[in-house]
Each structure stands twice: as structure tokens, then as C-alpha cells.
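Please look through the structure shown below before reading on. The report then takes up its domains, one of its sheets and the surroundings of a ligand.

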Amino acid sequence: MSKVEAICLVGWGAIGQRVAALLKARGANARIVGIAVRDPREIEATMPEGAVHVAGPEALTATGATLVVEAASRESVQPFARAALAAGMDFAVSSTSALVDATVLDELVELARRNGCKLIIPPGALGGIDALSAASRLGLDSVEHIITKPARAWFGTPAEECCRLGELQEAEAFFAGSAAEAATAFPQNANVAATISLAGIGMEHTRVQLVADPKAVENTHSIIARGAFGTLEIRLQNRPLATNPKSSEMTALNLVRLIENRTSALVL
Ligand SMILES: NC(=O)C1=CN([C@@H]2O[C@H](COP(=O)(O)OP(=O)(O)OC[C@H]3O[C@@H](n4cnc5c(N)ncnc54)[C@H](O)[C@@H]3O)[C@@H](O)[C@H]2O)C=CC1
Ligand SMILES: O=C([O-])CC(=O)C(=O)O
């Protein structure tokens with residue numbers, strides 16, 4: 001008999017709902033047993049059958065989930081990950097900007113180690129994280145990441161103070177700095193910078209450029225890494241999710257892949 005993975009989602013927004021819909025449509029061996037959001041009214045009408053509202057981190061264990069998948073916010077990561085890992089539940093992080101703070105990362109890794117479970121960093125909106133992580137084992141010289149999103153994806157972020165987003169005619173690079181700076185200032189748009197740093201040469205040495213492009217319809221990630229292994233160049237042109245232009249479809253797809261791999265005999 002096939003194993004069924006019991007999943008608790010933290011967050012029921014663009015990514016959480018897309019993951020649930022894809023798992024259902026694909027008949028995956030996964031059951032959503034809990035959904036954590038602050039206000040239960042947010043999930044009333046769309047709650048998957050058999051799932052319960054999880055009122056806070058302390059309510060995670062009662063769901064019986066074996067995997068907790070965070071797709072909520074930077075603030076949600078530490079409290080929910082602490083509770084899950086302390087209870088021996090694996091925890092997958094989407095809002096990886098929470099891990100820029102090395103003390104948070106160290107604490108969570110130590111909790112996972114002590115309780116025999118795993119802190120999982122999925123590729124999120126990216127691809128090629130496997131190759132970058134493999135390459136880092138031989139040493140990397142440089143990693144550069146350019147994140148280009150439609151101008152509208154930068155509304156509600158500090159990009160509004162760097163350029164006139166509503167009036168742009170051409171693409172504008174409005175930020176250049178370390179991954180730590182990018183992920184700290186743009187937690188809704190640059191989690192990928194933290195993810196790539198964890199796989200590569202760290203938050204301070206990974207160079208990031210952020211670009212607002214009024215003509216773009218996709219979220220583009222261009223990554224160049226150089227090291228003893230050779231050179232890696234990746235370019236992804238991700239469709240944004242219908243309900244949140246800041247987040248890419250690929251993020252949900254990578255979570256579906258992670259969840260399906262948990263029970264599949266063939267892991268890809
Ligand atoms: N790692 C990556 O490559 C990517 C990461 N992300 C991140 O994933 C997260 C989710 O993205 P979306 O689904 O697009 O966002 P969204 O705004 O559409 O949905 C967020 C959901 O989380 C809930 N939420 C927020 N804080 C919470 C808390 N403390 N406790 C319980 N529920 C909480 C909200 O009520 C909502 O249901 C965001 O932090 C986003 O920045 C998004 C895209 C790529
Ligand atoms: O979805 C994307 O393209 C990347 C993103 O929002 C993030 O890293 O937070």
C-alpha cells in the first residue's frame with residue numbers, strides 16, 4: 001500500500017492554495033491535515049476536506065502532520081519551525097529571508113538534529129540549486145543573481161523609494177548589494193537570494209541585483225556561479241502566480257515535487 005504524506009500548510013495564500021490544488025489534481029499521495037492562518041475566516045470557504053484550522057505553532061502536533069510546509073511570511077518561520085522541529089516534524093521553508101539571521105538558522109538546524117527530523121530548503125522559484133550546492137563542495141569563487149520582475153511586483157516594497165515604479169518606461173536596476181541586504185529589505189521578493197546563498201557561498205558574498213521592468217510579464221532569475229567545478233549559468237523566466245505577482249508558479253511546483261518525492265519510489 002502506498003504511503004500517504006500528512007501535510008500541514010502554514011499560509012493559505014497564492015502558494016499554499018496552488019500547492020493544494022496541484023496535489024489534488026495530480027492525485028498525489030498527500031493529505032492536507034491542517035492549515036495555519038491567523039484568521040480562520042480566511043480559509044472557511046476553501047478548506048480542503050479533512051483539514052483543520054491550526055490556530056498557532058502550539059497546535060501543529062495535534063494535526064499528526066509528518067511534514068509542515070511554510071508558505072506564509074518571514075515572521076512565521078521561526079515560531080512554526082521551532083514548534084514543528086521540536087516535535088520531530090520535518091519543516092520546509094519558503095520564506096527563506098528569515099534565515100538571513102544566522103542565529104535563527106543555527107537554532108533550527110540544531111533543533112532538527114536533536115529531534116531526528118529535517119529543516120528543508122526547497123528551491124522555491126529557482127532551479128539548479130542542486131548543481132550549485134554540489135559545486136560549493138569544491139569551492140566557489142563568485143555567485144551573481146539578477147532578479148527581474150514586472151514593475152507591479154515591486155509595489156508595496158522599498159523599491160517605491162528607489163524609483164517611480166508607475167512611470168517606468170524601461171527596465172531599471174534599483175538595487176545592487178549582498179544577498180543578505182536584498183533578502184532583508186525585500187522579504188516578499190528576494191527569498192531566492194537567501195536560498196541561493198545557503199546553497200552557494202553565503203549571504204555576504206552572493207551579489208544580487210534587483211530590476212523593475214515595466215515591459216516584463218515574467219519573474220526572471222539569472223544566476224552565474226564560478227568556481228573550481230567550472231561555470232554555471234541559469235536563466236528562469238517564471239510565470240507569476242495569478243493571485244500574487246510577487247511569487248512565481250515555480251515555487252508551488254517545487255513544493256509539489258518535494259511532497260510527491262516523499263512518498264514516491266522514484267525520486268527526481
Ligand atoms: N523561496 C522562494 O523562492 C519564494 C518564497 N516566497 C515566499 O513565500 C511566502 C508565501 O507566498 P505567497 O503564497 O505568494 O503569499 P500570500 O501573501 O499570497 O499568502 C500568505 C499567506 O500566509 C498567511 N500568513 C502570513 N503570515 C502568517 C503567520 N505569521 N501565521 C499564519 N499565517 C500567516 C496569510 O494569511 C496568507 O494566507 C511569502 O513569504 C513569499 O515571500 C514566494 C515566492 C518564492
Ligand atoms: O517568486 C519569485 O520569483 C521569487 C520570490 O518571490 C522570492 O524569492 O521571494
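## Two domains

Domain bounds, as the word is used here, come from an automatic or database domain assignment. In this model, which is predicted, such an assignment divides the chain into domain 1, covering residues 5-120, and domain 2, covering residues 129-244. The C-alpha centres of domain 1 and domain 2 lie 25 Å apart, and the contact between the two takes 11 residues from domain 1 and 13 residues from domain 2.

Which helix gives the largest share of the side of domain 1 that touches domain 2? That share, 3 residues, comes from helix H1, which is made of residues 14-25. When the side of domain 1 that touches domain 2 is sorted by class, it has 4 nonpolar, 5 polar and 2 charged residues.

## A span named in a record

UniProt, in an unreviewed entry, lists residues 11-122 under the name "domain: Aspartate/homoserine dehydrogenase NAD-binding". In the model, the end C-alpha atoms of residues 11-122 lie 16 Å apart, and the span is 35% helix and 18% strand.

## An open sheet and its helix

Strands of a sheet pair through backbone hydrogen bonds, and this pairing may be either parallel or antiparallel. One open sheet of this model has 5 strands in the order E8-E9-E7-E10-E11, and its pairing is mixed. Strand E8 (172-178) and strand E11 (230-238) are the edge strands, each of them pairing on one side only. On average, and with direction ignored, neighbouring strands of this sheet are turned by 10° against each other.

Strand E7 (residues 140-150) and strand E10 (residues 219-227) run antiparallel and are joined by 8 bridges, and within this part of the sheet Ile146 stands opposite Ser222 in E10. Helix H7, formed by residues 191-199, packs on the sheet, where it touches E7, strand E9 (207-213) and E10, and the direction of H7 makes about 165° with that of E7.

## The shell around ligand 2

How many residues surround ligand 2, and which are the closest? The shell has 13 residues, and the closest are Ala125, Asn191, Val192, Asn219 and Ser248. The elements that give two or more residues to this shell are H7 and strand E13 (244-248), and E13 gives the most, with 3 residues. By class, the residues around ligand 2 divide into 3 nonpolar, 9 polar and 1 charged.

Technical notes: Residues numbered from 1 in each chain as written. Chains lettered and ligands numbered in written order. Predicted model: local features only at pLDDT ≥ 70, side-chain atom pairs only at ≥ 80, totals over all residues. Pairing = 2+ DSSP bridges. Helix = DSSP H or I, 4+ residues; strand = E, 2+ residues; numbered from the N terminus. Axes fitted to C-alpha atoms, helices over the stretch in contact; angles between N-to-C directions. Contact = placed C-beta atoms within 7 Å. Nonpolar A, V, L, I, M, F, W, Y, C, P; charged D, E, K, R; others polar. UniProt positions renumbered as here; feature names shortened; annotations may be inferred. Near = placed C-beta within 6 Å.
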